[in-house]
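Please look over the sequence and the model below before reading on. The paragraphs after them go through selected features in turn.

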Amino acid sequence: MRDVVEAIVGFVETARAFGLDAGPDRVQAMVCALDQFESVSYRNIYWAGRVTLCGSRDDLDRYDAVFDAHFFGAAEPPEPPPPRTISRRALGMEPDGGRSGDDDGNAKVSAASRLEVLRRRDISTLDAADRDEVARLISAMDLHVPMRRSRRHRPAVHGLIDAERTTRAAVRCAGEPIELHWRARRLKPRQLVIVVDVSGSMAAFSDALLRFAHAATRRLARRVEVFTVGTKLTRITAAISSPDPDTAMAAVAAVVPDWSGGTRLGEELKELVDRFGRGTTLRRATVVIASDGWERDAPDLLGSQMARLRRLAHRIIWVNPHKGVPGYEPLAAGMQASLPYVHELVAGHSAAALENLADVIGRD
Amino acid sequence: MTDPADVASPQALIADLDSHGYLADEALATACFLALRMRRPLFLEGDAGVGKTELARALAELLSAPLIRLQCYEGLGVAQALYDWDFPRQLLHVRAAEAAGARDPEQLEGHLYDRRFLVARPILRALETTPSVLLIDEIDRADDEFEAFLLEVLSDFTITVPEFGVIRARTPPVVVITSNRSRDVHDALKRRCLYHWVEHPTFDREVAIIRRRQPLASERLARDVAGAAQALRTTDLIKPPGVAESVDWTEALVSLGVDELDPQSANATIGAVVKHREDVEQVRHIDWAELIATGRRHGA
């Protein structure tokens with residue numbers, strides 16, 4: 001038996017090298033499972049490990065590879081991919097000049113209607129002064145917390161009879177249920193996860209989107225997580241938490257290493273789901289992904305990661321700044337791959353579009 | 001067989017399940033064998049209609065144990081799944097005690113939390129019934145908070161009722177948990193279970209299952225349906241048909257008095273196989289003659 005245990009420990013080490021989550025309790029279960037068979041054969045080891053070390057269908061293929069590699073010396077464990085050098089080359093989307101027709105005669109209109117015009121202007125076409133103005137508009141934006149029903153109940157004035165409290169009260173009135181108590185589902189704010197693409201093709205919009213994320217963080221406090229993606233996934237929840245928008249933006253600029261680089265959306269969503277999918281961050285959250293869907297790698301990975309995300313999240317809202325362009329079609333390969341898993345695709349090219357986004361988030 | 005741990009080997013289990021109308025392959029039988037021997041819950045994932053629920057039913061018959069089923073749904077809570085207090089009875093008790101002259105409310109309240117006022121919901125019922133098979137069906141439909149309640153039940157086979165105490169199973173029930181994987185179930189839950197992914201059956205097995213479940217179907221029809229179902233699974237349908245659909249389909253065809261699948265009867269009964277509007281749309285354009293021929297090559 002001792003040899004068997006040693007053999008299994010060796011096998012489990014290989015399994016870990018292949019990325020299977022073989023914790024001590026699972027190993028113990030495997031030994032116990034193997035013990036149920038009359039003999040120790042490769043076949044029995046295979047089955048004992050398969051039902052105890054695997055936790056999902058994806059694990060099964062990996063498990064087969066581990067088994068072949070360990071007992072029949074088939075393959076080496078996969079090397080972790082070499083760190084890629086970050087390309088600083090912006091993918092360069094020219095701002096679309098054809099969309100600025102509505103700024104004619106700006107000087108004549110009142111300040112109020114100037115703001116109104118500004119709200120609808122494409123952010124990528126603004127000059128520095130207008131940009132500041134729009135940044136202020138975004139920071140002042142109001143967001144409604146999406147709520148979800150919690151499993152717990154709270155006392156209420158109508159709803160379901162709260163039998164427990166009613167009974168307790170009745171006991172004190174000698175069994176006479178004089179006072180009826182009611183209960184209703186408690187509401188909890190839903191977790192909001194915002195992922196902002198800061199790659200080159202999004203350069204014109206990422207500042208506005210991050211400011212939106214900042215506004216959300218300030219309104220909804222601890223129920224918001226913010227990430228940036230580009231060539232690397234960065235969690236910026238802490239950096240963006242400063243109450244002043246400009247200080248927050250500066251702090252974000254300091255922690256994000258991959259401004260205006262390329263996009264490896266698929267790989268980064270994978271990292272997001274791998275790292276945060278297990279806890280409560282993504283589960284039943286409203287996930288907002290702000291990206292144009294330009295993907296440097298093949299879009300298959302992005303599609304499969306979106307599928308995983310969809311299984312975890314309550315709602316996925318995709319913000320594509322280019323959607324504001326009349327005649328826009330989601331043709332970018334990454335967009336195509338993601339679209340089946342997106343609940344809502346909204347524009348994010350102007351302050352007005354971002355206000356609409358706030359509404360969509362609040363609608364739940 | 002009455003004690004689950006009495007099962008001798010996976011092969012013996014295949015034969016036993018077979019005699020109760022369930023045709024298991026080696027993989028499923030081995031997972032099942034280990035779950036019975038180790039008294040661990042069996043976590044079954046797989047596409048809808050591959051026979052996950054059916055397995056629990058067959059196991060219950062095999063063990064001559066009642067099948068206690070908990071169908072999960074959003075909002076499912078302790079009061080529906082584990083236990084609930086019988087409030088009307090508690091009130092009656094209070095009134096009766098009062099009529100008998102009881103005066104001490106504290107003592108009265110203490111009496112209220114007695115086992116006889118506890119209504120057993122499926123999980124508690126399963127813990128108190130020996131032997132029993134507890135089927136927790138489609139756990140992915142329940143809220144993820146609900147999984148937390150299962151952790152205690154599945155690892156120790158106990159339920160803690162705050163007002164009452166700990167209720168322990170004398171012999172752990174056989175537990176089968178199924179998931180259609182509409183969302184990922186927490187790791188903490190999975191690691192208390194033995195995991196198995198249920199595949200669609202092979203052609204021969206599917207033919208055997210259809211013939212077993214629809215004895216009136218001809219061998220030819222069963223082979224045609226199995227072949228067509230296997231071919232349909234390779235097309236890009238939103239919901240590819242499972243064995244359950246093949247069996248339903250065969251039943252529909254048998255009701256129409258069909259002996260072998262042809263394009264006309266396939267079209268007439270397609271509602272038994274595909275159940276999404278988009279899929280029906282897609283299937284409408286399928287060249288049935290071609291698909292049936294492909295299916296027959298499958299079997300050849």
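Predicted model: local features only at pLDDT ≥ 70, side-chain atom pairs only at ≥ 80, totals over all residues.

Residues are numbered from 1 along each chain as its sequence is written, while chains are lettered from A and ligands numbered from 1 in the order in which they are written.

Helices (H or I, at least four residues) and strands (E, at least two) are DSSP runs, numbered from the N terminus. In chain A, helix 3 (residues 42–53) packs against helix 4 (residues 57–72) at an angle of about 140°, and their axes are 11 Å apart. Axes here are lines fitted to C-alpha atoms, for helices over the stretch in contact, and angles run from 0 to 180 degrees between N-to-C directions. From helix 3 of chain A, the residues Y42(A), Y46(A), G49(A), R50(A) and L53(A) meet Y63(A), F67(A) and F71(A) of helix 4 of chain A; contact requires C-beta atoms, placed from the backbone, within 7 Å. The residues of this contact divide into six nonpolar, one polar and one charged. Ala, Val, Leu, Ile, Met, Phe, Trp, Tyr, Cys and Pro count as nonpolar, Asp, Glu, Lys and Arg as charged, and the others, Gly among them, as polar.

Helix 8 of chain A is mostly covered, with 14 of its 18 residues buried. A residue is buried if 20 or more other C-beta atoms lie within 10 Å of its own, exposed if 12 or fewer, and partly exposed in between, with C-beta atoms placed from the backbone.

Chain A also has an open sheet of three strands in the order 1-3-2, with antiparallel pairing. Its edge strands are strand 1 (147–156) and strand 2 (160–161) of chain A, each pairing on one side only. Strands pair if DSSP finds at least two bridges between them. Strand 2 of chain A pairs with strand 3 (residues 182–189) of chain A over two bridges, and L160(A) stands opposite R183(A) in strand 3 of chain A.

Between the chains, the contact takes 29 residues from chain A and 31 residues from chain B. Helix 5 of chain B gives the largest share of the side of chain B that touches chain A, six residues.

Two backbone details remain. The peptide bond from T130(B) to P131(B) is cis, with omega near -10°. S260(A) is not a glycine, yet has a positive phi of about 50°.

Key: Contact = placed C-beta atoms within 7 Å.
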